[in-house]
Amino acid sequence: MGRPKILVTRRITESALDRLHEEGQVILWDDQLPPSHDQLTGMLEDCEGLLCLLTDNIDRELLVSASKLRVVSTMSVGFEHIDLETCRNHGIKVGHTPGVLTETTADFTMALMLSVSRRIPEAIHFAQSGQWKTWDPGLLLGQDLHNAVVGIIGMGRIGQAVARRIFAFGSQLLYHDLSRVKVIEKEFNAEAVELDILLNRVDIVSLHVPLTERTYQMISHPQFETMKPSSILINTSRGAVIDTNALLQALREGKIAAAGLDVTDPEPLPHNHPLYKLHNCFITPHIASAGAATRAKMANMAVDNLLAGLHGKPLPNPVA
Ligand code: NAD
């Protein structure tokens, strides 16, 4: 049997790429932007392994045309961009990178939460633009995180890591999940509540659910109606968990005070999108897991999955 062909859809950590070169013929899409669907289809022909990113749409059409494909390994914990049913039907194994990015993503969530609540981007702009004339008792007043009521939606790996940090800040914790997470209730005094109750009671809400049919636009007009006008919405999960138009309206009309978004729908937002023009919306370019060490670990974990699949072994981190 010859060396298997492996498609890698973006340049990843060199040491991880080297491991693939040792095992097979690597086709590397070495561009800054993702390949188009047609380009992916063309390159995937004859490939047995695919190492992809969340920007690649691994749909039915693509999977069916890749007749030799045996394993798809995504360098992300989220896998909503992969048609799992078609993979199952065609015996294609699918792996992802859970856990390894949890703490880094939780750190970033806190950074975004504090930046928005204490108005740090505005403050930096204020100082840089020469507006800082004196110490002013009323200047750039923000919301404290300590003593705030913080709500976490999706109490999984990242939600729990954020809960640990929030507890250390001395905030009160509410959460909403499909199931109870007793350990968080016990250790961090967190209270499990229904979604509308959480939204109604919290000062800050942070989203940590995967994107599924159920979570698609779970924060839309009715939810913004429920939230306090002083509340802050943080999203480091997936953009489409929030209805973008409803968010725009809520921020414009003061139904909530501010939002911090690491993810958007669509992603990226077009440069002229009205959300960028709001003084109370802060957007970062999907970098919550972008710790240098974490990205290297994610790349190697994706390679572990891919190589296990090519060797006919169970993947260390299969998508359930
Ligand atoms: P996880 O599977 O450990 O946790 C997800 C939690 O959400 C689970 O507890 C699950 O029960 C809960 N959940 C699912 N559907 C729900 C619903 N309808 N209502 C309430 N709760 C629901 O996943 P994780 O590792 O914590 O990651 C969460 C998500 O964060 C990922 O799926 C990914 O989309 C996103 N993420 C984003 C970045 C980034 O760079 N911004 C980085 C890592 C992960």
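The model is predicted.

**Stop 1: two helices side by side**

Select helix H1, residues 14–23, and helix H12, residues 292–310. Their axes come within 8 Å and cross at roughly 20°. Angles under 35 degrees count as roughly parallel, and H1 and H12 are therefore roughly parallel to each other. Their crossing is left-handed. Now show the side chains at the contact. From H1, pick Ser-15, Ala-16, Arg-19, Leu-20 and Glu-23. From H12, pick Ala-299, Asn-300, Val-303, Asp-304, Leu-306 and Leu-307. Colour these contact residues by type and you get 6 nonpolar, 2 polar and 3 charged. The spacing in those lists has a simple background: an α-helix has 3.6 residues a turn, so residues three or four places apart point the same way.

**Stop 2: the glycine after H1**

Move to Gly-24, in the loop between H1 and strand E2 (25–28). Is Gly-24 buried or exposed? Its relative accessibility is 2%, so Gly-24 counts as buried. Leaving out residues up to four places away in sequence, Gly-24 touches Arg-3, Pro-4 and Ile-6. For a distance check, pick the C-alpha atoms of Gly-24 and Asn-300. They are separated by 16 Å, and the two residues are 276 apart along the chain.

**Stop 3: a buried serine in a strand**

Select strand E9, residues 204–207, and centre on Ser-206. Relative accessibility is 0% here, so Ser-206 counts as buried. Which side chain does Ser-206 join in a polar contact? The partner is His-208, at 2.7 Å. Next, show what surrounds the serine. Setting aside residues up to four places away in sequence, Ser-206 touches Thr-109, Met-113, Gly-151, Ile-152, Ile-153 and Ile-234.

**Stop 4: helix H11 and its cover**

Select helix H11, residues 244–252. Its buried residues are Thr-244, Ala-246, Leu-247, Leu-248, Ala-250 and Leu-251. What covers them? The cover includes helix H10 (221–226), strand E10 (232–235), strand E11 (258–261) and strand E12 (281–283).

Look at both ends of the helix too. At the start of H11, a side-chain oxygen of Asp-243 reaches to within 3.2 Å of the backbone nitrogen of Asn-245. After H11 comes Gly-254, with a positive phi near 75°.

**Stop 5: two cis peptide bonds in one loop**

Go to the loop between E11 and E12, where Pro-266 is found. A cis peptide bond joins Asp-265 to Pro-266, with omega about 0°. Now select Pro-268, also in the loop between E11 and E12. The bond from Glu-267 to Pro-268 is cis as well, and its omega is near -5°.

**Stop 6**

Two residues close the tour. Arg-119 sits in the loop between helix H5 (102–117) and helix H6 (120–128). Its phi is near 60°, a positive value in a residue other than glycine. With a relative accessible area of 26%, Arg-119 is partly exposed.

Then select His-286, in the loop between E12 and H12. The phi of His-286 is near 50°, again positive in a residue other than glycine. From there, H12 takes you back to the contact with H1 where the tour began.

Conventions: Residues numbered from 1 in each chain as written. Predicted model: local features only at pLDDT ≥ 70, side-chain atom pairs only at ≥ 80, totals over all residues. Heavy atoms only, no water. Axes fitted to C-alpha atoms, helices over the stretch in contact; angles between N-to-C directions. Helix = DSSP H or I, 4+ residues; strand = E, 2+ residues; numbered from the N terminus. Parallel < 35°, antiparallel > 145°, perpendicular 65-115°, else oblique. Left-handed = near helix turned anticlockwise from the far one by under 90°. Contact = heavy atoms within 4.5 Å. Nonpolar A, V, L, I, M, F, W, Y, C, P; charged D, E, K, R; others polar. Buried < 20%, exposed > 50% of the residue type's maximum accessible area, 1.4 Å probe, protein only. Polar contact = N/O pair within 3.5 Å; in protein donor to acceptor, adjacent residues only side chain to side chain.
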